[in-house]
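Subject: The structure, and what I found in it

Hi,

Here is the structure I promised to pass on. Have a look at it first, then read my notes below.

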Amino acid sequence: MDLPDFPWDSLAPAKERARAFSGATPDEGEGLVDLSVGTPVDPTPEVVQEALRGAVDAPGYPQTWGTPDLREGIAGWFARRRGVPDVDPDGVLPTLGSKELVAWLPTLLGLGPGDVVGFPTVAYPTYDVGARIAGATPFAADATTAFGPTTPSSAPRLLWLNSPSNPTGKVLGVEHLAKVVAWARERGVVVASDECYAELDWRGEGERGEPVTDLPTTPSILDPRVSGGSHEGLLAVYSTSKQSNLAGYRAAFVAGDPALVRQLLEVRKHAGMIMPWPVQRALLAAVSDDEHVAVQRERYRARRDVLRPALEDFGLRVDESTAGLYLWATAGEDCRATLDRLAERGILVAPGDFYGPAGREHVRVAVTASDEGISAGAARLSA
Ligand SMILES: Cc1ncc(COP(=O)(O)O)c(C=O)c1O
């Protein structure tokens, strides 16, 4: 299978250098401040842990589709948090983290050789990987016009959107999403929108002149203003990994067109892709409680507020980054040069070229270190 090399191995030399850092002041501390990965570091909320503990007796097989109360709970979350009142619980399916779904969606939809899968030019690498696993053709594009004058027979079969974006933090607005949906519907293209950072929305704070928004989260592909009230051909992909510090549980879901979800369900039942029962209960607790998400959002907001000006002190410009867990920063030079300069200060970041050639002058700085790590990192940047 033609899969790309796992790029993180290329960071080993920079990581070694950063590990050897010794600060001139106690504030700067010693050793590595790792801002290269978006893995949560704060505790899993008690309300979720409790739900997991309450479900440890699980002798029987759980339902691949998830229990009706779990699917209803997820539909309720869409109504409460995303402004989507009309998610059909029959169109909801739990997944083992969303990376799994991203990697297997083209295969689960029956795509193969000759089929095109589109995704953004600067993107989470798994969209490309998923196309390759299916034997389909990956196609990076930022505008539907990049696909040329397509007809239903020459259009992509699946188009990935990612809003808020990893790595750029860009948010697609309602109008943009609605245009993509109209284009896709004319051509029979399935639109899958990866929205796993939707709860970490920093707009409405005057950054880059973004307007204050009408929702507490970023717009969903299933929003009635986008979908026109029908979820046909649309899938929203979501994960509680980031909003609820649950990356270790693998608790995510896909929702939208019930006919498409049934198709995924059929294959997943045969393939044993079943969310464990205790995780189903934990996921239900996570989507039913907004308070722990608000607490976590404030932690990340505080870390962003410390890190962003420090990156600017260091001479970087922060682009986009209006939502999500990352600051997308550039010094107008090759990202590997920025990576090395930051490693000398004991800070490891992700080079933008991990996310496609168009990211080669940016670095992705995750706000997922502990408060201590973030303040040491900021002190080093401003030194
Ligand atoms: C855009 C995007 N999609 C999906 C994932 C996968 O998340 P998980 O598998 O933990 O649900 C990530 C993780 O970083 C991500 O950034």
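Before going on, a word on the ground rules. This is a predicted model, so to speak of a local feature I need pLDDT of at least 70, and side-chain atom pairs count only at pLDDT 80 or more, while totals for chains, interfaces and linings use all residues. Residues are numbered from 1 along each chain as its sequence is written, and side-chain values use heavy atoms, with hydrogens and water left out.

**Overall**

The protein has twelve helices and 13 strands (DSSP runs numbered from the N terminus: H or I of at least four residues for helices, E of at least two for strands). Its C-alpha atoms fill a box of roughly 60 × 55 × 45 Å along the principal axes. The radius of gyration is 21 Å, which agrees with the value near 21 Å for a compact globule of 383 residues (taken over C-alpha atoms; the globule rule is 2.2 Å times the number of residues to the power 0.38). Of the 383 residues, 55% are buried (under 20% relative accessible area; exposed is over 50%, partly exposed in between; 1.4 Å probe, protein chains only). Take the contacts between residues at least 6 apart in sequence: 75% of them join residues at least 24 apart (contact means heavy atoms within 4.5 Å).

**The seven-stranded sheet**

This open sheet runs S2-S8-S7-S6-S5-S3-S4, with mixed pairing (two strands pair if DSSP finds at least two bridges between them). At its edges are S2 (92–95) and S4 (137–140), each pairing on one side only. The twist averages 20° from one strand to the next (axes are lines fitted to C-alpha atoms, for helices over the stretch in contact, and angles run from 0 to 180 degrees between N-to-C directions).

S6 (190–194) and S7 (234–239) run parallel and are joined by four bridges; Val191 stands opposite Leu234 in S7. Helix H4 (98–108) lies across several strands, including S2, S6 and S7, and runs at about 150° to S7. Helix H5 (126–134) packs on the sheet too, touching S3, S4, S5 and S6, with its direction at about 155° to that of S4.

**The four-stranded sheet**

The other one I'd show you is open and antiparallel, in the order S9-S10-S13-S12. S9 (317–319) and S12 (350–351) are the edge strands with a single partner each, so one side of each has no neighbour in the sheet.

S10 (326–330) pairs with S13 (362–366) over five bridges; in S13, Trp328 has Arg364 as its bridge partner, and Thr330 has His362. Helix H10 (291–313) touches S9, S10 and S13, its direction about 5° from that of S10. Helix H11 (335–344) touches S12 and S13, at about 45° to S13.

S10 also pairs with S9, over three bridges, with Val318 opposite Ala329 in S10. Six residues lie between the strands of that hairpin, where Glu320 takes a positive phi near 50°.

Is S10 covered or open? Mostly covered: five of its five residues are buried. Side chains in a regular strand alternate between the two faces of the sheet. In S10, Tyr326, Trp328 and Thr330 are buried on one side, and Leu327 and Ala329 on the other.

Cheers
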